[in-house]
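Please look over the sequence and the structure shown below.

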Amino acid sequence: MAIPEEIINEIKYKNDIESVMAPYVSLKRRGKNLVGLCPFHNEKTPSFTVYPENGSFYCFGCGVGGDVFSFVRQIENLDYIDAIKLLAERSGVTLPQDGYDDSMQKLKNTVFEINRETAKFYHTYLMSPQGKWAFDYLVGRGLSIATIKHFGLGAAPNSSNSLINHLKGLGYSISDMIQANVIGRGTSAYNSQQEYYYDRFRKRVMFPIINIRGRVIGFSGRAMPGDDKAGGKYVNTSDTPVYKKSDNLFGMNFAKNHCDERVILVEGNMDVISLHQAGFENAVAALGTAFTDEQAKLLSRYTKEIVLLMDSDAAGQKAMKRAGAILQNTGLDIRVVLLPDGKDPDEYIKKNGAARFKALLEGAVSEIEYKLLTAVEGIDTNSDDGRLQYLARAAEIIAESNDIMTRDLYIGRLCDKYGVSRAAMETKVADIRKNKIKQREKQELDEIIHPKFDRGDVNPERRLYPAATAAEETVIAVLLQHPDYLKRAIEDLKPENMMTELNRRIYKRLCECEQSGRNIDLSYFGEILTPSEMGYLSSLINSEKGDKNAFIVLKDSIKVILDEGVKKQTSDTKNMSIDDWAENIQKIIEAKKKGN
């Protein structure tokens, strides 16, 4: 979509980067820039930097960066054009409607529509006489009609084509229904060339999954108790153009408005719904998967504290430990509630009521305390061997904390309880910490001596042409900071002289800016670069490469690129024919003349 430069500039002017980021990141001023905890990766020390002077941002921890469009693109999981549309709508700017391929966005919009109509279909069926079996089940689980409507709960008929026929009647194609993952496709047992289609959810209570912008993105279907033919207790939407289960949380669309202080993380959909009905509207659950880094990042945007409230069975405890490990580096306070009597949150609140549950929340223990409580499992602390075994485990747990007062508190408690000297326990914890520091330093040294190149590196060709890549980055940085040097640079350096594909694309775009008379701006690169590549470009525009003697640095860097190109060409001649070799020598001579 060729959006005129003046419209892009108007959108950016009306959406200053600090105000757009405010709902997602808490920023503090540091000199002329702003810093905060990165919303895209887990960290305790702020490495996310915003540069109001040029409207860009960069995280020194994970490498994400770009301009205001890049931020919205990644935080809302949009493509480049949709990010522009969202900010245009936010600021009342009208965009041109023609001239670009928006097929992917049209597909997403269609999937959203199908999901909405499917949710309405399931809810209508639930509230009809035919859906009484599912309605009675939900009411029997203690849900009110108001709660059923609030969450848009529904039921899938015990039919293989009810939804297909309904959506066909609304004009949707089979291919779009498959993209939305609300129907499935199979082949005949008698003829592998003959396909048939069927409703993916059948005879199940349906939970629509709604994103933080209030749009239905998928479904979770629960089988009726005792239905041995259902094929699993839960069936969930697979990843689609609008849904990725590892990026979303059930109930977050409601919880985001009630979780400034804390979020309650539970295991299942029914736990979330029961807690919301009881007044605890800050409860959320993972979606048919173990808790993920992406879900941790999502929570860190909205709250200060996470209360882990998983089921008390072995699976629930395992899930709690995994979630705790992932949440450790988010900067959030983590607390744990131990549910008595082997209950899950849904069962507990029905049996004991909201007041008792609130008291349970207030008694939530810290994560380290939870680990110390559960570490005793399987150990007889009445014997000397058992006490020593437990204290060894406890020392490992306490050593994980980087806070000296936390370590001091729990060392004191354990020494008092088990009758060991404080000096002995402090020495044990200190030794563990020293060993871990040595291991970490050894690993860091090993990575320096034997660097591991990440296949996902934003510019993987760097390892093939390290000198040329460094020079290319300097050229790009200087030109981004001093656009008036661009015309002179183009005289000596052509895009094809760049040895790495990524820098070639960026430099070509810079040349196009000069030829078209367009101002150099990060937004002009958004449609040709991936989010990680935009982070790379943002790091260059905010680097110090062009601070001093910029023009001399530019000339020297161009010479390095041309010389490195000559070296590569010389190396490549080993396998050339005589005629090709002669032609190549002439090119090398010409390139050398140009570089001098």
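What follows is a short walk from the whole chain down to single residues.

This is a predicted model, in which local features need pLDDT of at least 70 and side-chain atom pairs count only at pLDDT 80 or more, while totals for chains, interfaces and linings use all residues. Residues are numbered from 1 along each chain as its sequence is written, and side-chain values use heavy atoms, with hydrogens and water left out.

The protein has 24 helices and 16 strands. Both are DSSP runs numbered from the N terminus: helices are H or I with at least four residues, and strands are E with at least two. Of the 596 residues, 48% count as buried. Here buried means under 20% relative accessible area, exposed means over 50%, and partly exposed lies in between (1.4 Å probe, protein chains only). A contact means heavy atoms within 4.5 Å. Among the contacts with a separation of 6 or more, 63% come from residues 24 or more positions apart.

Next come the helix pairs. Two packed helices are described by the angle between their axes and the distance between the axes. The axes are lines fitted to C-alpha atoms, for helices over the stretch in contact, and the angles run from 0 to 180 degrees between N-to-C directions. Angles under 35 degrees count as roughly parallel, over 145 as roughly antiparallel, 65 to 115 as roughly perpendicular, and the rest as oblique. A crossing is left-handed if the near helix is turned anticlockwise from the far one by less than a right angle, and right-handed if clockwise. Contact residues are also sorted by class: Ala, Val, Leu, Ile, Met, Phe, Trp, Tyr, Cys and Pro count as nonpolar, Asp, Glu, Lys and Arg as charged, and the others, Gly among them, as polar.

Helix 1 (residues 5-14) packs against helix 4 (residues 80-91) at an angle of about 60°, and their axes are 9 Å apart. The crossing of helix 1 and helix 4 is left-handed. On the helix 1 side, Ile8, Ile11 and Lys14 take part, and they meet Ile84, Leu87, Ala88, Arg90 and Ser91 of helix 4. By class, this contact has five nonpolar, one polar and two charged residues.

How do helix 11 and helix 14 pack, and at what angle? Helix 11 (residues 269-277) and helix 14 (residues 345-362) have axes 10 Å apart, at an angle of about 20°. Helix 11 and helix 14 are therefore roughly parallel to each other, and their crossing is right-handed. Helix 11 contributes Met270, Asp271, Ser274 and Leu275 to the contact, and helix 14 contributes Pro345, Asp346, Ile349, Lys350 and Phe357. These residues divide into five nonpolar, one polar and three charged.

Helix 15 (residues 367-374) and helix 16 (residues 384-399) cross at roughly 165°, and their axes come within 10 Å. Helix 15 and helix 16 are therefore roughly antiparallel, with a right-handed crossing. Ile368, Lys371 and Leu372 of helix 15 meet Tyr390, Ala394, Ile397 and Ile398 of helix 16. This contact has six nonpolar, no polar and one charged residues.

Now to the cysteines. A disulfide is a covalent bond between the sulfur atoms of two cysteines; in this model, it is a pair of cysteine sulfur atoms within 2.5 Å. How many disulfides does a search of the whole structure find? The search finds zero. For cysteine 38, the closest cysteine sulfur is in cysteine 59, 3.7 Å away, which is too far for a bond. Cysteine 38 counts as buried, at 5% relative accessibility. Cysteine 62 is in no disulfide either, and the nearest cysteine sulfur, that of cysteine 59, is 3.7 Å away. At 37% relative accessibility, cysteine 62 counts as partly exposed.

Single residues come last. Glycine 218 is in strand 10 (residues 216-223). Is glycine 218 buried or exposed? Glycine 218 is buried, with a relative accessible area of 1%. Leaving aside neighbours within four places in sequence, glycine 218 is in contact with Asn115, Phe207, Pro208, Ile209 and Thr237.

Asparagine 181 is not a glycine, yet has a positive phi of about 65°. Asparagine 181 lies in the loop between helix 9 (174-180) and strand 7 (183-187), and is buried, with a relative accessible area of 13%.
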